[in-house]
Amino acid sequence: MDTIASLFSFITTPVSWVIVQFHSVYGALFGPDTGWAWGLSIVSLVILIRICLIPLFVKQIKSTRAMQTLQPEMKKIQERYKNDKQRQSEEMMKLYKETGTNPLSSCLPILAQSPFFFALYHVLNGIATGDTIGVINKSLLESAQKAHIVGAPLAAKFTDSSSKVEALGASLTDVRVVTAIMIVLMSASQFFTQRQLMTKNVDTTVKTPFMQQQKMLMYVFPVMFAVFGINFPVGVLVYWLTTNVWTMGQQMYVIHNNPTPGSKAQAAYLERLHKHVTTNGKVSRRRDKVIVKAIVAKGRDRNEFERKFINGLSKAGLAAQADGTVIKSDTAAAVEAEDGTPTTTGTPKRQQPKRQTKAQRQSAAAKAAEESEQKTSLTKSDEPEDAKPAAAAKKGGAKSGSGTRSKAQSGQRKGPQRPKSPSKK
């Protein structure tokens, strides 16, 4: 470990200088030889480093989102070229190049933080061994060796012998209890950070090997921290615990305000946004407008939660615009008349008829038949009395005439008859 840390010795002097500057401030408040002064100096160093790494963190978020978006395409490539690994790699690289994504971008914050971590380890290890490193001179070295955090020296480790711990002015029990608690907290914070990423901020509609790898890392990283943690000095444990807590809080903020599309976090976010928009009638914050704009631009490619959000706005008489704003819908917006009564503009919604029961349908059919019979009887009764015998006589004459005609013309062909030609004598 010392060999690896020595490779980052070029940054040891800047790290030690920052720690000394913070120590001069906190030493004036709590005393130069106290654990508060040195412990808060390490915490402040972490906060300063993480603030400087915020641009890289933003880039990491964008890269992770881009990779999640590409998961369906990556899965298609893997299935298409599952027997040709070389062609599969070539197609993957081509996909990354076309979309402008980099799989290693998600590791940038960790890689950028590594030199500071190893430099701090080198500084604290020098304090434990009594070596001056960077701008830490002999007087500062003696002050740091006297500093204890809850009874454990900054340079003490879980694996140190009792004689080495006693030389630092502490007991082995205190050191192991404090370091064990810090290792557990460090591993637990790492596990919780990875777990909330997997359970809340992952698109549940896409199942890929990438998700399985993330689930595996959720359990592997805490175990790695626990194994390596027993070899870290207390000061390094303070550093790593602080950076884990920072990462956890930073990720909670991102999940709450800029969740991954299709995730449970997006469903909760859109539900809060819908409640806010329907209450105020507009989108207030700029980042909310950006998200609404992206949802509108998707069109038919919206996921389930986004469609639900758009439909909810429509039911509330609102419509999302292409620029991310929300206006009242023309078809459902309510406007006030001159007397102050609300009137609805636009085409009213068509009311669906209520479904009738079988008994109601049968009674309606019987009623209709009865009304039809009554109309028929009324029509017959309205005919004049004189017309009835005439109609009957006409009908009877027609019948008798037709009968006489049929008898007279029996044995002849129907239709007009041709006259017979005179016979030749």
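In which helix is the place of Val123?

Mentor: Val123 is in helix H7, which spans residues 108-129. A word on the ground rules before we go further. This is a predicted model, numbered from 1 along each chain as its sequence is written; local features need pLDDT of at least 70, side-chain atom pairs count only at pLDDT 80 or more, and totals for chains, interfaces and linings use all residues. Side-chain values use heavy atoms, with hydrogens and water left out.

Start with burial. Val123 counts as buried because its relative accessibility is 2%; buried means under 20% relative accessible area, exposed over 50%, partly exposed in between (1.4 Å probe, protein chains only). Now look at what surrounds Val123. Setting aside residues up to four places away in sequence, Val123 touches Thr12, Ser16, Ile133 and Ile136. Contact here means heavy atoms within 4.5 Å.

Ser16 lies in helix H2, residues 12-30. Helices (H or I, at least four residues) and strands (E, at least two) are DSSP runs, numbered from the N terminus. Ser16 counts as buried because its relative accessibility is 0%. Beyond four places in sequence, Ser16 touches Val123, Ile133, Gly134, Val135 and Ile136. Ile133 and Ile136 are also among the residues that Val123 touches. A polar atom of the Ser16 side chain lies 3.2 Å from the backbone nitrogen of Val135. For a polar contact, N or O atoms must be within 3.5 Å; within protein, one must be able to donate a hydrogen and the other to accept it, and residues adjacent in sequence count only if both atoms are side-chain atoms.

H2 also packs on helix H3, residues 35-52. Two packed helices are described by the angle between their axes and the distance between the axes. For H2 and H3, the angle is about 130° and the axes are 8 Å apart. Axes are lines fitted to C-alpha atoms, for helices over the stretch in contact, and angles run from 0 to 180 degrees between N-to-C directions. H2 and H3 are therefore oblique to each other. The H2 side of the contact consists of Val15, Val18, Ile19, Phe22, His23, Tyr26, Gly27 and Phe30. On H3, the contact is made by Trp36, Ala37, Trp38, Leu40, Ser41, Ser44, Leu45 and Leu48.

Helix H10 (residues 172-200) and helix H12 (residues 234-257) have axes that come within 9 Å. These axes cross at roughly 20°. That makes H10 roughly parallel to H12. The cut-offs: angles under 35 degrees count as roughly parallel, over 145 as roughly antiparallel, 65 to 115 as roughly perpendicular and the rest as oblique. The contact includes Thr179, Met182, Ile183, Leu185 and Met186 of H10. Among the H12 residues in it are Val234, Leu237, Val238, Trp240 and Leu241.

Thr179 is in H10. Thr179 counts as buried because its relative accessibility is 1%. Leaving aside neighbours within four places in sequence, Thr179 is in contact with Phe158, Val234 and Leu237. A polar atom of the Thr179 side chain lies 3.1 Å from the backbone oxygen of Arg176.

Now two loop residues. Val150 is in the loop between strand E1 (148-149) and strand E2 (152-153). Val150 has a positive phi of about 55°, although it is not a glycine. Val150 counts as exposed because its relative accessibility is 71%. Gln321 sits in the loop between strand E3 (318-320) and strand E4 (326-328). Gln321 is partly exposed, with a relative accessible area of 26%. Not counting residues up to four places away, Gln321 touches Val296 and Ile327. A polar atom of the Gln321 side chain lies 3.4 Å from the backbone oxygen of Ala319. Gln321 and Val292 are 29 residues apart in sequence, with their C-alpha atoms 8.1 Å apart.

Last, step back to the chain. The protein chain has 17 helices and six strands. Buried residues make up 34% of its 425 residues. Take the contacts between residues at least 6 apart in sequence: 64% join residues at least 24 apart.
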